[in-house]
Amino acid sequence: MNPCRWSWIWVGMLSLQWGAALAAELGVSVEVPALKVAEYHRPYVAIWLEGEQQQIAAHLALWYQTGKGGPEGEGTKWLKDLRTWWRRGGRALQLPVDGMSGATRVPGTHVLHYRAEHGPLAALAPGSYRLQVEAAREVGGRELLSLPLDWPPAAAATLRTRGVHELGQLNVRLEP
Amino acid sequence: MYRIPTAVICFTLLLLPLQALPHKAFLLPSATVLVPGETITVDAAVSNDLFYFNHRPLGLEDLAVTAPDGSDAAVDNRSVGALRSSFDLVLTQAGTYRIAIRRSGLTASWEEAGERRRWRGSAQAFAAEVPSDAPGLQVTQIDTRIETFATAGAPTWSALKSAGSGLELLPETPPNDLVVGETAALRFLLDGVPAAGVKVTLIPGGTRYRDQQAEVIAVTDDEGRFRMKWDQPGMWWLNAAVEQEPKADAAHARRVSYTATLEVLP
C-alpha cells in the first residue's frame with residue numbers, strides 16, 4: 001500500500017467538505033486483494049454500520065452479481081454466504097436497493113464516501129456503532145472486518161485494520 | 001411466566017426416559033439457509049451413524065411439508081434407494097418450511113409357534129390382523145415425529161405451530177438461525193402441554209470420523225424448555241422420547257418420540 005496515494009484520497013474527500021455546510025462525514029476505503037488462485041471469482045462484499053444490539057443501523061454498500069444473465073445463474077442466491085450480514089438483516093432486504101447495491105468490484109482499493117445529511121447516514125441516531133465489512137468469495141473463503149466508531153465523530157480520526165484472507169486494508173476516515 | 005397445573009406435574013412424573021433406539025432416523029436437508037426460489041434435496045434414512053446411509057431408507061409415505069404460509073407444500077422427485085430415500089423441495093415462498101414425517105399407530109409382538117412375531121399398523125388393522133388372545137401379546141401405541149427445517153430469506157413462524165398431539169418441538173430461537181457460540185431456546189410440548197423433565201439428546205454429525213458420540217444431554221424445565229449452546233458447526237441430530245400410560249384400550253404402553261436435524265453455522 002502506498003501511503004502517499006492514501007493521503008491524496010483523504011485530501012480529496014476533505015476538499016468536498018469545504019464548499020458544503022459543516023456536517024460529519026464518513027469515508028471508507030476497502031481493498032479487494034488480488035489473489036493467485038486457480039479459480040478466481042470477485043468477492044461479494046457487504047458494508048454496513050451495526051448498532052450495539054447487533055442490528056443493522058445503516059446499509060452502506062453491497063457488491064454482488066446483479067442481474068439474471070450471468071453464466072452461473074442469478075447472483076442473489078449466493079448472498080447468504082455473507083453469513084453475518086445475511087443474519088443481521090440482509091435476508092430481509094428486497095434487492096436491488098438504490099444507492100446501496102452494485103456489481104462486484106475488481107481487485108484494488110475502492111473508496112466510499114458518506115455525509116451525515118444524505119443517504120444512509122441521514123437517519124442514523126447518535127451512538128456507538130461498528131463499521132462491518134464482510135467478504136465472501138465463490139469457491140473461496142469468507143472474512144469479516146470490524147471497526148468500532150462513535151457517530152457523529154467528536155474529532156477527525158482515521159481507523160485502520162487489515163484482512164488476512166478475503167480483504168486487504170480497511171481504512172475509515174471520520175470527519176466531525 | 002405462568003403456573004404449571006399440578007395435574008401436569010403429576011402427569012410428567014409418569015414419563016420415563018427410553019433406552020436409546022438401536023438406529024437413528026433422520027431427514028438430512030442439503031441446505032437450510034437459502035434465498036427464496038432455491039431448491040433443496042432432502043435425504044431420509046435410518047442409520048447407526050450420523051449422517052451416513054448405512055442401514056435402510058426411511059419411507060416417505062407420511063411425509064408432510066408445511067410452507068411458510070401454513071399450507072401444505074408439494075415435493076418433487078421422490079425416490080427410495082437401498083440405503084436412503086430422497087426428494088426435492090422448491091422454496092417458492094419466503095420464510096421457514098417444516099419438513100416432517102409423522103407416524104402413529106400400534107406395534108404388537110406375541111409368541112406364535114415358538115417364535116416372536118412382530119406387527120405394526122393402524123388401530124383399525126390391529127383388530128383384524130392381531131389375535132387378541134395371542135400368548136405374550138405386548139401392544140405399544142407409538143407416535144413418532146421426524147423433522148427438519150429450511151428457511152428462504154428471513155425466518156417466519158407460521159409453519160411451526162403446534163398440532164396439540166404427540167411430542168412437538170416449538171423453537172423459540174428460529175431453527176434455521178443457529179450459530180456456534182450462541183444459545184438457542186427450544187420447547188417441547190406433549191399433547192399440547194409443556195413437556196417437563198424430558199431428556200433431550202443432541203449429537204453432532206460426522207460420527208464416522210471420531211471415536212465418541214459427543215452427545216449432549218439436556219432436560220426440559222417446567223415449561224418444557226431447554227437451552228443449547230452450540231459448540232461446533234454442522235448438522236446436529238436432536239432426539240427425545242417419553243413412555244407413558246397408553247391412551248388406546250388395546251395398548252400396554254405409549255411411546256412418543258421426536259427427532260429433528262438442525263444445522264448450526266460457524
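Chain A comprises two helices and nine strands, in what is a predicted model. Read from the N terminus, the elements of chain A follow the order α-β-β-β-α-β-β-β-β-β-β. Of the 176 residues in chain A, 30% are buried. Among the contacts in chain A with a separation of 6 or more, 64% are made by residues 24 or more positions apart.

Four strands of chain A form an open sheet, in which the order is 5-1-9-8 and the pairing is antiparallel. The edges of this sheet are strand 5 and strand 8 of chain A, each of which pairs on one side only, and the twist from one strand to the next averages 15°. In general terms, strands of a sheet pair through backbone hydrogen bonds, either parallel or antiparallel.

| Strand of chain A | Residues |
|---|---|
| Strand 5 | residues 108-115 |
| Strand 8 | residues 157-162 |
| Strand 9 | residues 169-175 |

Strand 8 and strand 9 of chain A run antiparallel and are joined by six bridges. Within strand 9 of chain A, the residue that stands opposite A:Ala157 is A:Leu174.

Turning to the neighbouring chain, eight residues of chain A are in contact with eight residues of chain B. The side of chain A that touches chain B consists, by class, of five charged, two nonpolar and one polar residues.

Note on methods:
Residues are numbered from 1 along each chain as its sequence is written. Chains are lettered from A and ligands numbered from 1 in the order in which they are written. This is a predicted model: local features need pLDDT of at least 70, side-chain atom pairs count only at pLDDT 80 or more; totals for chains, interfaces and linings use all residues. Two residues are in contact if their C-beta atoms, placed from the backbone, lie within 7 Å. Ala, Val, Leu, Ile, Met, Phe, Trp, Tyr, Cys and Pro count as nonpolar, Asp, Glu, Lys and Arg as charged, and the others, Gly among them, as polar. A residue is buried if 20 or more other C-beta atoms lie within 10 Å of its own, exposed if 12 or fewer, and partly exposed in between; C-beta atoms are placed from the backbone. Two strands pair if DSSP finds at least two bridges between them. Axes are lines fitted to C-alpha atoms, for helices over the stretch in contact, and angles run from 0 to 180 degrees between N-to-C directions.
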